[in-house]
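Dear colleague,

I am passing on the structure below, together with some notes on strand pairing, cores and charged pairs. Please read them with the coordinates open.

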Amino acid sequence: MILKLFGKMVRNWKAKLISLIIASIFYVNLQNSKVLIKTVNVPIDYPKLSGNLSYSKNPEKTIPVRVEGLKDVVNYYSQFMKAVIDPEDVQLGVTEVPIKKIVGVPSGVKVTKLRKTVPVEIESRGLKIVPIEVVFEGNPPPNFEKLTQILSPQKITLSGKPQDLEKISKVVLPEISLLDRKEPFAKTVKIPDLPKGVSVLGSRDVTVNVNIIPLSYKTGEQTAAGIPIVCSGLDPKLDVELSEEQVAIRYFSIKPIRSAQILTGITAQVPCNYIFDPIKNKIIPELQPQVAKVRIIKNKDLKGIEILQISPEKIEIRYKVKDQGIDTDPVDDGTGMEGPGPDPSDRS
């Protein structure tokens with residue numbers, strides 16, 4: 001029985017051996033046809049820079065790598081691979097930064113880096129706060145005049161190379177036309193393009209509130225709007241954000257008085273008496289916002305008028321610590337108000 005079975009197995013053994021060899025060759029070729037080796041460019045994941053550091057030039061976006069594995073796996077997963085740079089290897093100046101690893105590589109796929117490093121140039125950028133200036137075109141119609149303008153914000157923070165920032169002392173907005181303007185208006189203006197390499201931190205929109213008033217004299221009960229609110233006694237280490245930047249008043253005057261006299265001779269004040277404690281490194285008191293009552297202060301020429309109503313009577317004040325290490329220049333508050341300081345005895 002066993003001899004018969006063995007005889008059948010060795011019968012035509014040469015032909016069977018040749019068939020096995022041919023089948024093996026076909027199997028190996030089939031398996032090789034599923035394996036793909038190709039070169040792909042994978043994106044480089046650069047770390048975010050802290051402080052005033054930035055990439056001075058556009059760094060290389062990709063590096064070439066050789067990928068080897070099953071064809072379908074290689075073609076699908078290649079799009080998810082990234083070259084990773086260690087943040088500790090990024091230094092000021094021009095350096096060759098090593099590519100530490102390639103992420104997104106599935107099991108069974110071999111990746112070989114064809115480049116080990118990429119050149120990276122890091123520069124130190126400065127910050128500078130500069131005032132915003134608005135320019136007007138034309139004049140209001142006869143018997144009307146532009147009294148004041150209020151910009152929000154009044155200053156912006158610029159970022160760039162120190163040598164570029166030194167050349168900029170202010171930012172001038174595009175002209176605003178006053179033709180045919182007979183009443184107060186507000187206009188949102190975009191900050192114009194800045195020199196190459198200089199950018200604005202925050203929004204590029206500036207709101208300009210312009211107060212247009214008639215030239216006529218009036219007596220009796222009247223109203224006046226657009227009186228800017230001034231923060232009194234503010235700690236120089238703090239910045240504030242007011243819930244309202246202007247107030248309106250209702251007043252009574254026996255003598256004829258111009259609206260311009262009201263808007264230049266009256267100040268609306270709120271007490272900004274929070275302080276920054278450098279030892280505890282916090283604002284005191286901690287409770288925010290502060291609710292403060294608006295106080296109207298008149299100059300000596302307006303002693304005869306009676307303040308009937310202030311709107312709003314109270315506003316909210318939020319404090320934040322002023323950015324440290326930023327150059328600041330003295331800047332006009334943008335209201336156009338001049339004249340003698342308030343007399344403590346002249347209060348309503």
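Two strands are taken as paired if DSSP finds at least two bridges between them, and strands (E, at least two residues) and helices (H or I, at least four) are DSSP runs numbered from the N terminus. This is a predicted model, in which local features need pLDDT of at least 70 and side-chain atom pairs count only at pLDDT 80 or more, whereas totals for chains, interfaces and linings use all residues. Residues are numbered from 1 along each chain as its sequence is written, and side-chain values use heavy atoms, with hydrogens and water left out.

On that basis, strand β1 (residues 35-45) runs antiparallel to β3, the two being joined by nine bridges, and Val 42 stands opposite Ile 63 in β3. β3 also pairs with strand β7 (residues 110-113), again in the antiparallel sense and over four bridges, with Thr 112 in β7 as the bridge partner of Arg 66.

Turning to the interior, a nonpolar core is a set of buried (under 20% relative accessible area, 1.4 Å probe, protein chains only) Ala, Val, Leu, Ile, Met, Phe, Trp, Tyr and Cys residues joined through side-chain atoms within 4.5 Å. The largest such core has 31 residues, of which Ile 249, Ile 262 and Ile 266 touch the most other members. Its largest share, four residues, comes from β20. Counting contacts as heavy atoms within 4.5 Å and leaving out residues up to four places away in sequence, Ile 262 touches Ala 224, Ile 249, Tyr 251, Ile 257, Leu 302 and Ile 305. A second, separate core of 22 residues includes Val 130, Val 134, Ile 176 and Val 189.

As for charged pairs, the structure holds seven salt bridges, each defined as a side-chain nitrogen of Lys or Arg within 4 Å of a carboxyl oxygen of Asp or Glu. One of them joins Lys 190 and Asp 205, whose closest N and O atoms are 2.9 Å apart; this pair links distant parts of the chain, with Lys 190 in strand β15 (residues 185-190) and Asp 205 in strand β17 (residues 205-214). Lys 190 is exposed (over 50%) at a relative accessible area of 55%, while Asp 205, at 34%, counts as partly exposed, the class between 20% and 50%. Another salt bridge is formed by Glu 286 and Lys 282, with 2.6 Å between the closest N and O atoms. Finally, salt bridges that share partners join Asp 86, Asp 89 and Lys 100 into one network.

With best regards
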